[in-house]
Amino acid sequence: LGDRGGTKLIEDSTDSWLPEEAKCADVLHDRAAAWTELQPSATKSTEDTKHAMNHFIGHGDKVGTFYSDNSPELKAAAAKMGWRHKTATPGNPQSNGLAERTVRKCEEGIRCAIVQSGLPTSYWTYAGPHYCTAKSIMTPSGGTSPYFKRHGVEAIAKMPQFGELIE
């Protein structure tokens, strides 16, 4: 989602950190559950990346193998997390196709949410996590939702439209 630049952090109501003027995000995807999360980030640092990874896995979850491109912060964060790490083949974008497609879908979902809500583009740090959550709780025709695959129960909450006024 663009360059990662240092910014001041603010704390949101869920006790996670959102960058006030983030220019990047970590997109993480669980292949087994088809669960995707987008974590806005203040910098392209190992620590911010590790924070996103910790948020993604939650408490007690195990990571079998972590796949990524060869970016230094992903490699370093995976090593600090003790995750088995495989990287894409340099110069062969097809070897990283799932990751590229997942990021592209998140970017498209963010754009749609922003346009449909009428909010300024600076709200992408909220639109991205909203899109991923909405995608994860939807049950495809004849299947089970990523939420169910990850948590063992269906989500019971109604997902509001991004930018919808909630009274």
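I looked up the aromatic pairs and found three in the structure. Rings of Phe, Tyr and Trp (its six-membered ring) pair if their centres lie within 6.5 Å; planes under 30 degrees apart are stacked, over 60 edge-to-face, the rest tilted.

This is a predicted model, where I needed pLDDT of at least 70 for local features and 80 or more for side-chain atom pairs, while totals for chains, interfaces and linings use all residues. I number residues from 1 along each chain as its sequence is written, and side-chain values use heavy atoms, without hydrogens and water.

**Tryptophan 35 and tyrosine 147.** The ring centres are 6.1 Å apart and the planes stand at 45°, so I note the pair as tilted. Tryptophan 35 belongs to strand E4 (residues 35–41) and tyrosine 147 to helix H5 (residues 146–151), so the pair ties together parts 112 residues apart in sequence. Helices (H or I, at least four residues) and strands (E, at least two) are DSSP runs, numbered from the N terminus. Tryptophan 35 is buried at 11% relative accessible area; tyrosine 147 is partly exposed at 24%. Buried is under 20%, exposed over 50%, partly exposed in between (1.4 Å probe, protein chains only).

**Tyrosine 123 and tyrosine 126.** Their ring centres lie 6.2 Å apart with planes at 45°, so this pair is tilted. Tyrosine 123 is partly exposed at 36%, and tyrosine 126 is partly exposed at 35%.

**Charges over rings.** I required NZ of Lys or CZ of Arg within 6 Å of the ring centre and within 35 degrees of the ring normal. Arginine 31 has its charged end over the ring of tyrosine 67, 5.9 Å from the centre. Arginine 150 lies over the face of phenylalanine 56, 4.8 Å from the ring centre.
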